[in-house]
Amino acid sequence: MSENKPIIKIENLKKSFGQNIKVLNGIDLEIFKGEIVAVIGPSGTGKSTMLRCINYLEIPDEGIITLNGSSIDASNYNKKDITEIRKHTAMVFQHYNLFKNMTVLENVMEALRLVHKINKEEAEKIALDSLEMVGMLEKKDQYPSRLSGGQQQRVGIARAISVKPDILLLDEPTSSLDPELVAGVLSTIKKLATTGVTMIIVTHEINFAKETATRVLFMENGKIAEDGSPEEVLNNPSSSRLRDFLSINK
Ligand SMILES: Nc1ncnc2c1ncn2[C@@H]1O[C@H](COP(=O)(O)OP(=O)(O)O)[C@@H](O)[C@H]1O
Ligand SMILES: [Mg+2]
């Protein structure tokens, strides 16, 4: 594939809940390999819904998503298309979403075994590498309830990177954490950002976005209202609404 093709292309993505709640009003977006895209914007503006529609955790009403060359069209798709799109994405959730009845290692191995059909020995090797990357190797035999929120989230990140997704989706990965645990998780994500992985990260951490993102999107009312470099979007916001948002979220 040629270098200048986007790794993911989103066309006219729309999603409503019920009849009146229009959440995504036609999102168009192209993301290229290695981009670290931070998504900011007021609460309720559709940031989570956009991420969840990308991997069909939420089924869009309309729109085409092309991931690494293969497309899924909301008006005409089948289960196989969803399996395919999920193989190429991974998600880190605000509330970690680890399986409580599985150890750390088992949590990381689960998708490798079930979705990617990797044999046990190989899956364990990959899982251990991923846990080492996030600094959680020594907790591999613990259950999630014995870990702090920050440690659980680092396991969530290990689980997501273990499948080597074309695109990593992170939905406010630090907003459930006690303040003293935020920095550790952000530095794990920062380290990840230097490895060439492509990611979309929804975050309220404006300073983190400034330091780590290569591109910042401001979402408002189910649309991408601003899209540019961190300097453009965060230091020289063109709209008064973005200026207001940034002044509240310092
Ligand atoms: N499953 C759902 N059913 C009904 N409404 C939903 C559902 N998920 C999200 N919404 C609504 O969609 C809007 C956008 O939500 P969300 O994407 O979570 O926003 P954000 O992540 O930007 O805070 C909100 O008004 C929310 O209440
Ligand atoms: Mg959200």
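Analyst: A contact means heavy atoms within 4.5 Å. By that criterion L234 touches I40, I206, A209, K210, V216 and L246, where residues up to four places away in sequence are not counted. This is a predicted model, in which local features need pLDDT of at least 70 and side-chain atom pairs count only at pLDDT 80 or more, while totals for chains, interfaces and linings use all residues. Residues are numbered from 1 along each chain as its sequence is written, chains are lettered from A and ligands numbered from 1 in the order in which they are written, and side-chain values use heavy atoms, with hydrogens and water left out.

User: Why is K9 called partly exposed?

Analyst: Buried means under 20% relative accessible area, exposed means over 50%, and partly exposed lies in between, with a 1.4 Å probe and protein chains only. K9 has 30% relative accessibility and therefore counts as partly exposed. E30, at 33%, is partly exposed as well.

User: Which salt bridge joins E211 to another residue, and is E211 buried or exposed?

Analyst: The side chains of E211 and K190 meet in a salt bridge of 2.6 Å, N to O. This pair links distant parts of the chain, with E211 in helix α7 (residues 206-212) and K190 in helix α6, 21 residues apart. E211 has a relative accessible area of 56% and is therefore exposed, whereas K190, at 32%, counts as partly exposed.

User: How do you know that R215 is buried?

Analyst: Its relative accessible area is 11%, so R215 is buried. The side chains of R215 and D227 meet in a salt bridge (2.9 Å, N to O). D227, by contrast, is partly exposed at 42%. E35, R215 and D227 are linked in a network of salt bridges.

User: What makes a group of residues a nonpolar core?

Analyst: The term denotes a set of buried Ala, Val, Leu, Ile, Met, Phe, Trp, Tyr and Cys residues joined through side-chain atoms within 4.5 Å. The largest such core has 48 residues, and those with the most contacts inside it are I40, I157, L168, I189, M199 and L234. Its largest share, six residues, comes from helix α6 (residues 179-193). A second, separate core of 29 residues includes L13, L67, I85 and V202.

User: What is counted as a pocket, and how much space lies in the largest pocket?

Analyst: On a 1 Å grid over the protein atoms alone, a pocket is an open set of points where a 1.4 Å probe fits, with protein on both sides within 12 Å along at least five of seven lines; lining residues have an atom within 4 Å of a point. About 570 Å³ of space lies in the largest pocket, a volume being the space filled by probe spheres set on the points, which are joined across faces, edges and corners. Of its 20 lining residues, the closest to the centre are R86, M91, F93, A111 and V115. Helix α3 gives the most to this lining, with four residues.

Definitions and conventions
Helices (H or I, at least four residues) and strands (E, at least two) are DSSP runs, numbered from the N terminus. A salt bridge is a side-chain nitrogen of Lys or Arg within 4 Å of a carboxyl oxygen of Asp or Glu.
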